[in-house]
Amino acid sequence: MPRRGAAALKEAPASGGASDEAPFSNDQLVDVYRKVLAARRFEERAAQAYTQAKIGGYCHLYIGQEASGAGFLSSIRLGWDYAITAYRDHVAPLFMGTPAGPLMAELYGKATGVSGGKGGSMHMYDAPRGFMGGWGIVGGQIPIAIGLAYASKYRNEDRVTLCFIGDGAAPIGAFHESLNLAGILDLPIVFIIENNAYAMGTALKYTNSRTDLHMYGEAYGMDHRAVDGMDLFAVRRCAVDVIEKARQGRPQLVESITYRFRGHSMADAGQYRTKEEVQEWRDRDPLEWLEGYLKEHGILTEDQIGHINDEVRHEMKEAVDFAENSPAPEAGALYENVYA
Amino acid sequence: MPVIQYREALRAAMREEMERDDRVCLIGEEVGGYNGAYRISEGLMDQFGRMRVLDTPIAEEGFTGMALGAAMVGLRPIVEYMTWNFSLVAYDMIINHVAKARYMSNAQFGAPMVLRGPQGGGQQLTAQHSQCVESWYMHCPGLYVVSAATPADAKGLLKSAIRNDNPVIFLEHLGLYNMKGEVPDGPDLLVPIGVADIKRPGQDVTLLTYSKMLYPALEAAKALEADEISVEVIDLRSLRPLDLDTILKSVAKTHRAVVVTEDWQPSGMARELSGLIYQHGFDDLDAPVEEVCGAPVPMPYARNLEQLAIPDVEAIKSAVHRTLARPGELAPLYR
């Protein structure tokens with residue numbers, strides 16, 4: 001199939017010693033499947049609630065890109081390493097173990113939400129699990145990410161920071177300032193550009209001087225590579241490798257080539273893309289692929305998959321019920337936490 | 001009591017706090033190997049090492065955000081801007097990220113950090129290097145804004161700012177760094193944030209000011225003694241939070257107020273203060289509140305023009321006289 005970024009993939013080194021062997025144990029794979037499924041169902045429920053006007057504001061869905069997030073976030077030490085991202089931030093905390101209820105409640109603007117109803121879709125946080133947020137200004141999270149990594153190095157802790165970046169943030173000054181600083185300070189950080197081809201509705205070639213975005217790492221003397229972000233195993237092999245290198249104080253830049261199946265946000269019908277293009281990528285749906293793999297390799301039976309689907313469906317129903325039945329923040333919360 | 005320079009007072013504050021708390025670090029342009037563009041951080045890198053006194057590239061957005069990330073996970077960074085003018089390059093990071101981190105995360109983390117550096121005119125540095133930024137930062141919830149006028153206040157306020165759990169905009173004035181003053185020795189000097197200081201008591205007019213404008217204000221007050229006008233000069237020290245009690249008590253006593261800022265007037269600190277006095281002290285006023293502010297122009301280079309753009313003793317005296325003008329008397333023209 002014609003694939004954007006294929007040239008970049010060909011040039012990039014093989015993803016950390018690729019082999020036929022799955023880079024997960026069977027148990028890990030079932031766990032990842034469960035999380036990818038939960039992420040998908042969570043966002044489908046969010047989209048539904050959005051169209052019913054039960055949640056407001058902006059709502060940027062990650063649907064289609066799950067292999068990228070799952071591959072990286074299954075490879076860090078949960079509760080120790082940090083991850084930070086931009087406004088497309090519902091799924092990262094799910095992969096890091098945040099329960100769906102408080103995330104859904106945040107979308108509903110409820111007191112029980114992860115940010116007490118003050119953050120909404122774009123500002124989810126779970127600091128105890130190392131998820132340092134959802135930030136709403138394009139590129140704004142990148143300097144913060146290097147600060148997390150700087151603190152780790154400052155304290156001689158072997159924490160790694162994963163910084164997720166959209167392709168739309170690559171032209172931003174903060175991106176380049178941060179790569180430069182990470183390079184100077186040898187910070188334990190992995191920058192992951194999730195290249196989904198469009199900065200909102202504008203194709204990459206109109207916004208970036210070069211479209212093989214990982215090559216920006218070359219300018220900063222940084223290890224860099226591209227990975228097929230639709231291929232869970234390729235992402236996982238890459239992630240394990242770059243996270244280990246970052247932990248040793250070698251900052252890494254990865255371009256994860258992926259695609260969002262839906263528009264930039266719920267308000268975007270995505271008419272700047274052809275049906276054929278979207279279909280080509282939908283044919284590589286990471287959820288369907290993973291389900292097929294599990295069945296084909298006898299890791300899960302049809303029945304077991306059905307059972308997991310029932311459980312996840314139930315879990316999401318509970319999350320929605322929790323959100324709908326939770327109280328709105330008290331009026332007094334308006335002035336809480338502006339200052340310490 | 002030892003007499004030291006304002007810059008030495010700042011340095012002592014940072015050194016003492018870094019010795020006390022190993023989470024405190026200094027991040028900024030020229031703070032390390034160069035020993036500080038204005039020599040505030042002299043010797044600190046030698047004492048604390050390159051990771052704690054960190055030289056950065058000229059990339060304000062990047063290093064401000066880096067300090068925020070570090071603050072969110074437990075460090076207490078001090079960010080030094082070579083001048084506050086350059087902080088405008090990091091304005092998004094300060095307003096959109098630093099100020100809002102605690103609120104948006106519902107206090108899952110905060111941003112305990114101090115952003116400091118010099119501002120102000122008077123050294124022929126012209127339009128892009130002489131601005132006063134207090135009003136721009138005052139406006140945004142989540143930030144504290146403080147400004148010390150004396151070496152003792154500089155030390156005590158900076159120490160309080162470093163220990164504070166909020167992001168503190170700490171405004172110095174380029175023209176104060178060489179100023180000498182008595183500063184109590186030892187590590188215990190803390191000037192609380194949110195408390196104004198009556199630098200000169202008086203009966204007839206309340207003069208509100210801060211930072212370098214304190215000095216022409218005090219000089220004007222002294223000169224007005226000859227006219228038998230007793231001026232109370234209040235150094236606000238902290239702009240947000242503001243010590244409104246001290247201001248209103250003074251106005252209730254004197255019934256007149258003059259605000260002196262180097263800041264521009266529209267939407268500025270002076271307008272804020274006079275607005276508060278009108279709102280909360282209207283019945284106490286015997287005259288309109290006067291505002292003496294920087295001329296509404298980009299700072300010019302020529303020495304004479306620059307001097308005209310910054311409030312001086314004569315302008316302050318005129319304003320005080322205007323508040324005392326009785327019906328039938330013609331108020332002196334002001335600019």
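Modeller: B:S211 is buried, with a relative accessible area of 5%; buried means under 20%, exposed over 50% and partly exposed in between, with a 1.4 Å probe and protein chains only. The phi of B:S211 is positive, about 55 degrees, although the residue is not a glycine. Most residues other than glycine have a negative phi, and most peptide bonds are trans. B:S211 sits in the loop between β10 (205-209) and α9 (214-225) of chain B. Helices here are DSSP runs of H or I with at least four residues, strands are E runs of at least two, and both are numbered from the N terminus.

This is a predicted model: local features need pLDDT of at least 70, side-chain atom pairs count only at pLDDT 80 or more, and totals for chains, interfaces and linings use all residues. Residues are numbered from 1 along each chain as its sequence is written, chains are lettered from A and ligands numbered from 1 in the order written, and side-chain values use heavy atoms, without hydrogens and water.

Confidence comes next. Chain B has a mean pLDDT of 96, and 97% of its residues reach 70 or more; pLDDT is the predictor's confidence in each residue, from 0 to 100. For the complex, the predictor gives an ipTM of 0.94 and a pTM of 0.94.

Now the other backbone places. The peptide bond from B:R240 to B:P241 is cis, with omega near 5 degrees. B:P241 lies in the loop between β12 (238-240) and α10 (244-254) of chain B. In chain A, A:N337 has a positive phi, near 70 degrees, and is not a glycine. A:N337 falls in the segment after α13 (302-325) of chain A.
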